[in-house]
Structures are given as structure tokens and as C-alpha cells.
Amino acid sequence: MRLLTSSLLLLTCVAIGGMAFKFSTPSQCNEILPDDSIFVLTGDMRRIPFAMRKLRTYPNTDLYIIGAGDDGSYEINRRVTIESESESTYQNALAIKKIATRTGLDRIVLITTEDHMNRARHLIQHEIPDSEIIACPVPLSGMPPAKRLERWATEYIKYIATLCGIKER
């Protein structure tokens, strides 16, 4: 009986925490200023097209594509730079810190999918605590509900691990 009570209590805490995690995620892009720099994390096919639409809306912003999975980092044009060495969200945060430090940024716009936003923002804020991070989540539209639930659950578990000090993967 005691084990059942403990299990139900743990399950309830996990469920409530998961709901809090979901509802604490911003659902819309916060205000982007004309001189902001946009950082888009790769890893989902929705992110870069979403970032490119934002770049068309804010043509004077700089766009950094983080974690592209190629060799090295390079500038495509005056406004778009690709960083391709980072392979995890934590390494993305370190790459963003390096760029922000080098360029003197104290405000960045972060584009990633909505399910990934809390953990990515937490890791980046930990690396550059004096910077303002503007969340610009990419919605998981067009995805079957079961797949969306699976992604949210996975990110929730990763977020808990991150809060416990596990930074990689």
C-alpha cells in the first residue's frame, strides 16, 4: 500500500510538472527589435524556414544558424552566419556565448521549436546570464498529437535532467 501511494504521488508530481513545463513555454514570438540578432537552433526542419521568414520581416537583423552539422563556421552573406561545430543544445549554448561575447550582444532572439524552448533558453541563460533572451518559438503545427506528446515528454525529461546539472544531450 505504501509503495502504491508513493508511486501515485510521484506520478502526480511528474504529471503536474509536465503541465507546468508545457504551459510555461511561450507560444508566440516576443517583440523583435530592428537591431536584434536572431539565433536559430537546427535540429527540426521547421526552424530554419521560420527564421528565414523572420529575417525577411526584419531585414537589418543578423541571423546565426547554430549547429548546422558541417565543418567549421562561415558567413553566407553580411547578415547570415552558420555555426556548424556544436552538436547538442549545450554546445549550441556555448557557441552562442562565444558569438555574443565576440560581438558584444546583450540581447538575443532565440528561435527553436516550442517543445525545445525552455531547455534551450535555460542553458543559454546559464552561459550568458547578463543577456536578455527573447523567445521566438516555432509551433509544432501539422504534427500528429501522439508525436507532439512524445516530443513534449522527451523535452520535459531532458529539461529535468538539465536542471539536475546534466548538460549534454
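Colleague: In which helix is the place of E127?

Modeller: Please bear in mind that this is a predicted model. E127 has its place in helix α4, which covers residues 117–127.

Colleague: Why is E127 called buried?

Modeller: The relative accessible area of E127 is 11%. Buried means under 20%, so E127 with its 11% is buried.

Colleague: Which residues does E127 touch, not counting residues up to four places away in sequence?

Modeller: They are Y90, A93, L94, K97 and K167. For such a contact, heavy atoms must lie within 4.5 Å.

Colleague: What makes the link of C29 and C136 a disulfide?

Modeller: The distance from S to S is 2.1 Å. Two cysteine sulfur atoms within 2.5 Å count as a disulfide, and therefore C29 and C136, at 2.1 Å, are joined by one. A search of the whole structure finds 1 disulfide.

Colleague: How do you know that the pair links distant parts of the chain?

Modeller: C29 lies in the loop between α1 (2–23) and β1 (37–41), whereas C136 belongs to strand β6 (residues 132–138); the two are 107 residues apart.

Colleague: Why is C13 in no disulfide?

Modeller: The nearest cysteine sulfur to that of C13 belongs to C164 and is 14 Å away. A disulfide needs sulfur atoms within 2.5 Å, so the 14 Å between C164 and C13 is too far for a bond.

Colleague: What makes C164 count as exposed?

Modeller: Exposed means over 50%. The relative accessibility of C164 is 63%, and therefore C164 counts as exposed.

Colleague: What is the volume of the largest pocket, and which residues are closest to its centre?

Modeller: The volume of the largest pocket is about 330 Å³. Its lining is made up of 20 residues, and R47, T89, H116, R119 and K158 are the closest to the centre.

Colleague: Which element gives the most to the lining of the largest pocket?

Modeller: That element is α5, with 4 residues. The elements giving two or more residues to this lining are α3 (89–103) and α5 (145–163). By class, the lining has 10 polar, 8 charged and 2 nonpolar residues.

Definitions and conventions
Residues are numbered from 1 along each chain as its sequence is written. This is a predicted model: local features need pLDDT of at least 70, side-chain atom pairs count only at pLDDT 80 or more; totals for chains, interfaces and linings use all residues. Side-chain values use heavy atoms; hydrogens and water are left out. Buried means under 20% relative accessible area, exposed over 50%, partly exposed in between (1.4 Å probe, protein chains only). On a 1 Å grid over the protein atoms alone, a cavity is a set of points where a 1.4 Å probe fits but cannot get out, and a pocket is an open set with protein on both sides within 12 Å along at least five of seven lines; lining residues have an atom within 4 Å of a point. Grid points are joined across faces, edges and corners, and a volume is the space filled by probe spheres set on the points. Ala, Val, Leu, Ile, Met, Phe, Trp, Tyr, Cys and Pro count as nonpolar, Asp, Glu, Lys and Arg as charged, and the others, Gly among them, as polar.
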